[in-house]
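User: I would like to learn how to read the core and the sheet of a model. Where do we begin?

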Amino acid sequence: MKLVIHSKNIEITDAIREYVHQKIEKSVSHFQSITNEVDVHLSVARNPRINTRQAAEVTIYANGSVIRAEESSENLYASIDLVADKIARQLRKYKERRQDQKTHAQPTEVVVAESVVTDLIGDRTPELPNEVVRTKYFSMPPMTLAEALEQLQLVGHDFYMFRNSETGEINVIYERNHGGYGVIHPRNGNGHNGKATHANIVMPEKSHSNK
């Protein structure tokens with residue numbers, strides 16, 4: 001298993017590096033068979049006099065899926081502890097979901113209502129950063145809307161970009177403020193007219209068993 005540590009506004013000392021390896025490797029030790037790479041991003045506020053938060057973010061690449069967790073506190077070691085526990089829970093849910101899908105395979109139904117969404121952000125105030133603070137590169141294998149929704153729930157963001165396996169287009173699925181999910185299609189691609197649609201995605205029901 002490959003573990004990479006990144007930092008922002010902080011020097012990674014030997015003590016910090018050893019602590020990260022100890023806590024994160026312990027959290028993923030039971031899931032090494034599905035874990036390909038672990039990226040750990042540590043950061044502190046640019047101006048500690050104003051904001052004393054110290055954050056730890058973990059991104060795990062597991063068999064084509066991306067699992068992410070982030071925690072912050074006023075102490076970096078405490079943040080590492082919190083994110084280690086959180087990523088372990090995420091991995092456990094991911095593994096259980098995969099096992100349930102293999103055991104109780106059911107067809108996945110995707111229902112898309114072709115209504116144009118004019119308001120994508122609701123009551124939120126749009127804010128753009130003054131500068132590009134981080135760049136990410138990741139593979140984009142084709143997937144269905146249902147698979148994209150699952151990835152959205154795993155990474156913990158309110159949107160997820162993916163390549164639609166049915167059209168070959170780059171789409172964005174996002175969580176709407178008033179419930180449900182929306183899907184954004186590119187304009188003039190494979191006959192689409194740049195519409196944002198509401199998507200009601202019916203996932204296979206998860207069986208409940210006493211463990």
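Analyst: Begin with contact, which means heavy atoms within 4.5 Å. This is a predicted model: local features need pLDDT of at least 70, side-chain atom pairs count only at pLDDT 80 or more, and totals for chains, interfaces and linings use all residues. Residues are numbered from 1 along each chain as its sequence is written, and side-chain values use heavy atoms, with hydrogens and water left out.

User: Which residues does Ile67 touch?

Analyst: Leave out residues up to four places away in sequence; Ile67 then touches Val58, Thr59, Ile60, Ala62, Ile87, Gln90, Leu91, Tyr94 and Leu154.

User: How do I read a nonpolar core?

Analyst: In soluble globular proteins, nonpolar side chains tend to be buried together. A core here is a set of buried Ala, Val, Leu, Ile, Met, Phe, Trp, Tyr and Cys residues joined through side-chain atoms within 4.5 Å. Buried means under 20% relative accessible area (1.4 Å probe, protein chains only). The largest core has 26 residues; Val20, Ile24, Val40, Leu42, Val58, Ile60 and Ile67 touch the most other members. Contributors of at least two residues each include strand E1 (2-8), helix H1 (14-28) and helix H2 (76-103). Helices (H or I, at least four residues) and strands (E, at least two) are DSSP runs, numbered from the N terminus. H2 gives the largest share, 7 residues.

User: And the sheet: in what order do the strands lie?

Analyst: Strands pair if DSSP finds at least two bridges between them. The open sheet of 4 strands runs E1-E2-E3-E4, with mixed pairing. E1 and E4 are the edges, each pairing on one side only. E2 and E3 pair antiparallel over 8 bridges. Asp39 stands opposite Thr59 in E3.

How values were computed:
Buried means under 20% relative accessible area, exposed over 50%, partly exposed in between (1.4 Å probe, protein chains only).
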